[in-house]
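The points below may be read alongside the sequence and the model.

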Amino acid sequence: MSPKSFQFYRTFVPKLSELCDPVVISFDNTTFVKSYTLDPLVTPHHFIHSGNFFSQPYVQKPELRTKERILHLQEKLINKRTDGLMTLNVPVNGDLTTPYWEHVAADRLKAIEASLEAAVWTKENTKRPDLLYAGFEVGTYRDASYIFKKAVSADLTNLSAGFGLFSRLAKYRQEDRLKQFEVLAAYDQLSREFEGTRFHASGGSALNVLELLAYANVTSADGSSAVIAGLAYGSVLTATGKVIRANKLAHWGCNCEFCSGSRPSDVVKELQRSSEARVRHNVNVMRSSVARINDALANNTIAELTEQRLTLYKNKALWKCLDIVNNKPARE
Ligand SMILES: [Zn+2]
């Protein structure tokens, strides 16, 4: 059996082009290639997403996000550092305010079957079937179990699903996280039955769930929180998985690659002054977490690491997520 590993892809931001950690880009990205034309050797490893269906251009013009157009533009972006392409993930009803698990079964099935059809079509039409990840929007254990098995039977062994969409609505925030891990529990089970499957978790990948993701056999994830927290919210990640506003920082004892080079008082000033500094620190924290996770995977100690980290994070919902992965959730 090949050793398992876990990769994290942060949101790509053109002005941070000198950071070479892996990034996720949309299929219609136009700035990524330009950012590295001066020195193509520093082009980071990247995962090419099928585009956020909830973003403005696609909500207004769904014709911009067809399986054909996604593949056509994704293939233009492929180079030696492309790790994966996600196929068209179809949301339930296009309804952005009702979580997937609250829709009737017929509507949920229609969406996941449409996603599977798109993945099968893409596999038949791409020059690089090896890079494909079949993309889904799925919100229950039963649906996930059903569609992931069907995909693997169609020889689509790399799977992917979008997460975190309903966490923006306060009343669904916690349930959204639990449903994410129901879906991942379904994948975890499948990955034990079929060797050689891979799973990319798109979104819903804050610092404090990375261990849980790897524990559920997820092989890669993408997320925006490290970048968005630093840029838009002026916040920094702590080792305990918290996000704090840089202007509230008093004492700072971080020994990440970025912070360890200067005196703590200077680091605090820099983190308060510069959004780029915050992102650099945040990206370093994510990077150390991923390195620790990969060590644990190689040494078969991911269960211990996950428990250690959850103890540190002190978040009850995350322990529930661990239970969901361990027990396999109750069927609906
Ligand atoms: Zn730091």
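1. A definition is required at the outset: a crossing of two helices is called right-handed if the near helix is turned clockwise from the far one by less than a right angle, and left-handed if it is turned anticlockwise. The model discussed here is a predicted one. In this model, the crossing of α6 and α12 is right-handed.

2. The geometry of that pair may be stated next. Helix α6 covers residues 173–193 and helix α12 covers residues 316–327; their axes come within 8 Å and cross at roughly 25°. Angles under 35 degrees count as roughly parallel, and α6 and α12 are therefore roughly parallel to each other.

3. Which residues make the contact between these two helices? From α6 come Q174, R177, L178, F181, E182, L184, A185 and D188, while α12 contributes A317, K320, C321, I324 and V325. Sorted by class, the contact of α6 with α12 holds 8 nonpolar, 1 polar and 4 charged residues.

4. Helix α12 also packs with helix α11, which spans residues 302–313; the angle is about 155° and the axes are 9 Å apart. Since angles over 145 degrees count as roughly antiparallel, α11 and α12 are therefore roughly antiparallel to each other. The crossing in which α11 passes α12 is left-handed.

5. The contact of α11 with α12 is formed by T306, L310 and Y313 on the α11 side and by L318, W319 and L322 on the α12 side. Its residues divide into 5 nonpolar and 1 polar, with no charged residue.

6. Attention now turns to the strands. A barrel is closed by 8 strands, taken in the order β1-β2-β3-β4-β5-β6-β7-β8, with parallel pairing. From one strand to the next, the twist averages 25°.

7. How many bridges join β1 and β8? Strand β1 (residues 7–11) pairs with strand β8 (residues 220–223) over 4 bridges, in the parallel sense. Within this pairing, Q7 has S220 of β8 as its bridge partner.

8. At the level of domains, the assignment of the chain gives domain 1 as 7–223 + 315–327 and domain 2 as 226–298. The C-alpha centres of domain 1 and domain 2 are 26 Å apart. The contact draws 12 residues from domain 1 and 15 residues from domain 2.

9. On the side of domain 1 that touches domain 2, the elements giving two or more residues are β1 and α7 (210–215). The residues of this side of domain 1 comprise 7 nonpolar, 2 polar and 3 charged.

Definitions and conventions:
Residues are numbered from 1 along each chain as its sequence is written. This is a predicted model: local features need pLDDT of at least 70, side-chain atom pairs count only at pLDDT 80 or more; totals for chains, interfaces and linings use all residues. Two strands pair if DSSP finds at least two bridges between them. Axes are lines fitted to C-alpha atoms, for helices over the stretch in contact, and angles run from 0 to 180 degrees between N-to-C directions. Domain bounds come from an automatic or database domain assignment. Two residues are in contact if their C-beta atoms, placed from the backbone, lie within 7 Å. Ala, Val, Leu, Ile, Met, Phe, Trp, Tyr, Cys and Pro count as nonpolar, Asp, Glu, Lys and Arg as charged, and the others, Gly among them, as polar. Angles under 35 degrees count as roughly parallel, over 145 as roughly antiparallel, 65 to 115 as roughly perpendicular and the rest as oblique.
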